[in-house]
Amino acid sequence: MLKEMIDSQFDDVTLKFTMLYVSFRTNNKIIMTVEPRPDYLVSWINLKESKIKDPELKTRDVTGKGHHGVGDFEIKLRTEEDLFYYIRLFKQSYDEKNKQP
């Protein structure tokens, strides 16, 4: 369902599969990575603290902590509601990666 939601809103996003996670990219820059777990998905959003807007405080800052994905903010996706919120966070990273210099 996540891939379909992203495909329907962002037509230039590509996927890259690794042994541990899937990265979503635009302009060869990583927007976020997702690692499947048995009961949910865990994702790392590739934004810095000063850039992320998370009004519901659903993300966890993992800066400097070891994890498999790429990004400083982790979110667990368990419900459809989580996915809709996540798409808003995804868009923030997408927009940041597509900024013109």
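## What sits over helix 1

In this predicted model, the buried residues of helix 1 are covered by elements including strand 2, strand 3, strand 4, strand 6 and helix 2. The buried residues in question are Leu2, Met5 and Ile6. They span an arc of only 95 degrees around the axis, so they end up on the same side of helix 1. Turn to the other side of helix 1 and you find Glu4 and Ser8, both exposed.

Strand 3 (residues 29-36) and strand 4 (residues 41-45) run antiparallel and are joined by 5 bridges. As for Pro36, its bridge partner in strand 4 is Leu41.

## The nonpolar core

The largest nonpolar core has 23 residues, and the ones touching the most other members are Leu2, Ile6, Val13, Phe24, Met32, Tyr86 and Phe90. At least two residues of this core come from each of helix 1, strand 2, strand 3, strand 6 and helix 2. Helix 2 is the top contributor, with 7 residues.

Met32 is a handy place to look around. Setting aside neighbours within four places in sequence, Met32 is in contact with Leu2, Ile6, Val22, Ser23, Phe24, Ser43, Trp44, Ile45, Asn46, Tyr86 and Phe90. Among these, Leu2 and Ile6 are buried residues of helix 1.

## A buried glutamate

Is Glu74 buried or exposed? Glu74, found in strand 6, has a relative accessible area of 9% and so counts as buried, the cut-off being under 20%.

What does the side chain of Glu74 make a polar contact with? The partner is the side chain of Trp44, at 3.0 Å. Leaving out neighbours within four places in sequence, the residues in contact with Glu74 are Val42, Ser43, Trp44, Lys58, Thr59, Arg60 and Val62. Ser43 and Trp44 turn up in the contacts of Met32 too.

How values were computed:
Residues are numbered from 1 along each chain as its sequence is written. This is a predicted model: local features need pLDDT of at least 70, side-chain atom pairs count only at pLDDT 80 or more; totals for chains, interfaces and linings use all residues. Side-chain values use heavy atoms; hydrogens and water are left out. Two strands pair if DSSP finds at least two bridges between them. Helices (H or I, at least four residues) and strands (E, at least two) are DSSP runs, numbered from the N terminus. Buried means under 20% relative accessible area, exposed over 50%, partly exposed in between (1.4 Å probe, protein chains only). The arc is that of the directions from the helix axis to the C-beta atoms. Contact means heavy atoms within 4.5 Å. A polar contact is a pair of N or O atoms within 3.5 Å; within protein, one must be able to donate a hydrogen and the other to accept it, and residues adjacent in sequence count only if both atoms are side-chain atoms. A nonpolar core is a set of buried Ala, Val, Leu, Ile, Met, Phe, Trp, Tyr and Cys residues joined through side-chain atoms within 4.5 Å.
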